[in-house]
Amino acid sequence: MMKDRIIVIGGYGHVGQAICKQLADYYPSKVYAAGRNLARAEQFCRTTNGKVKPIQMDVSSKVAPSLLDNVKLVIMCLDQSDTDFVETCLQRGIHYVDVSANPLFLSQVEQLHHTAASHGATAVLSVGLAPGMTNLLAKYAKSLMDQTETIDISIMLGLGDSHGNAAIEWTIDNVSTQFEIMHNGQIKKVSSFTDGKDIQFGAKLGRKRAYRFNFSDQHAIPHTLAVPTVSTRLCFDSNLITRMLAWLRTSGLFHLLKIKEIRQAAVLAFSKIRLGSDRFAVKVDAHGKQNNEYVSVECLVQGRHEASMTAAVAAAITAAVYRSPLPHGVYHIEQLFQLQDLLPAIEQIAAIDIRANGNVIDLQQHVDRNISSAAG
């Protein structure tokens, strides 16, 4: 039987719907929106005029092997508690793209590299906006230097945007956590929403104060790109909300989020906030040396609707894995792709500004030059 199906786990969720719709334009009737709730999957699929098909699949329990028949690729939009389902996919030679952002889980999937390689499967992790675009921006910034010393990643999310419930829960759960980062080649323990830093997000958005947050890109990049110091910070377009969260973190009141009822109330309140816009921005500030001289590189991407950006990145990576043979094994996005690979997918929904020591870098010119070199 021909393996040509694409299964999107969590395909009727906030980001999953956008991924399904984009992929269905290229692969109509081959994309399946999957999840535990068949009724919700069917309801969503009716809005796609049959381009996306529904399927019931609960990855938290053992999945019937027949459900994976004819499947070529799985996209994961949900958090998982273990790697059983991923391992099942890889053992069957099914390619795997992960849009989740739990650093502990992703590190566990990394351990399945040999399983994927030996069964002819490719798994791509860190796919989306952050992680994802942030990893590729860091890779591009590094390419402009002989020696990269630090990479600081900053993410601004718009509170006027619509965010999925899972994303809100993940944010709330990580506001009061401690985690480890790489600093000068050594492991250092830090806390979320501490160590604020003023970040310039361009003329329109201005300067905002961002705080440490446990995004998974800062865990992968020190190893995949060999950078000794990497950090990721978060802020919102509403300075008031960002400062309030930092104050609550300092006051210790966020420990109350461990109480189920208070956590549920916080998630609900956060979903109702509409104080800002629908804009997002990610900024990479990298420092190092080129020809023994100090170099500062700034990479800024900004646009509207963070979920649309995440979906565009995921759909582009999925299409690349689906149509072309790539190295088998488990990789983070920056180990297989370049920033330039995503330009056709994102140029209509986001603006990219890259500067080295204040001078604008023409990314499209670099793409054209690479194409000419390949043709020659």
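Modeller: A salt bridge is a side-chain nitrogen of Lys or Arg within 4 Å of a carboxyl oxygen of Asp or Glu. The model here is predicted, so local features need pLDDT of at least 70 and side-chain atom pairs count only at pLDDT 80 or more, while totals for chains, interfaces and linings use all residues. Residues are numbered from 1 along each chain as its sequence is written, and side-chain values use heavy atoms, leaving out hydrogens and water.

Colleague: How many salt bridges does a search of the whole structure find?

Modeller: The search finds 10. In one of them, the side chains of Arg212 and Asp195 meet at 3.0 Å, N to O. Arg212 lies in strand S11 (residues 207-212) and Asp195 in the loop between strands S9 (186-191) and S10 (197-200), so the pair ties together parts 17 residues apart in sequence. Strands (E, at least two residues) and helices (H or I, at least four) are DSSP runs, numbered from the N terminus.

Colleague: Is Arg212 buried or exposed?

Modeller: Buried means under 20% relative accessible area, exposed over 50%, and partly exposed in between (1.4 Å probe, protein chains only). Arg212, at 6%, counts as buried, whereas Asp195, at 42%, is partly exposed.

Colleague: Which residues are linked with Arg212 in a network of salt bridges?

Modeller: Asp195 and Arg233.

Colleague: Where does Arg304 lie, and where is Asp278?

Modeller: Arg304 forms a salt bridge with Asp278, with the closest N and O atoms 2.7 Å apart. Arg304 is in strand S14 (residues 293-304) and Asp278 in the loop between helix H10 (260-272) and strand S13 (279-290), so parts 26 residues apart in sequence are tied together. Asp278 counts as buried at 18% relative accessibility; Arg304 is partly exposed at 43%.
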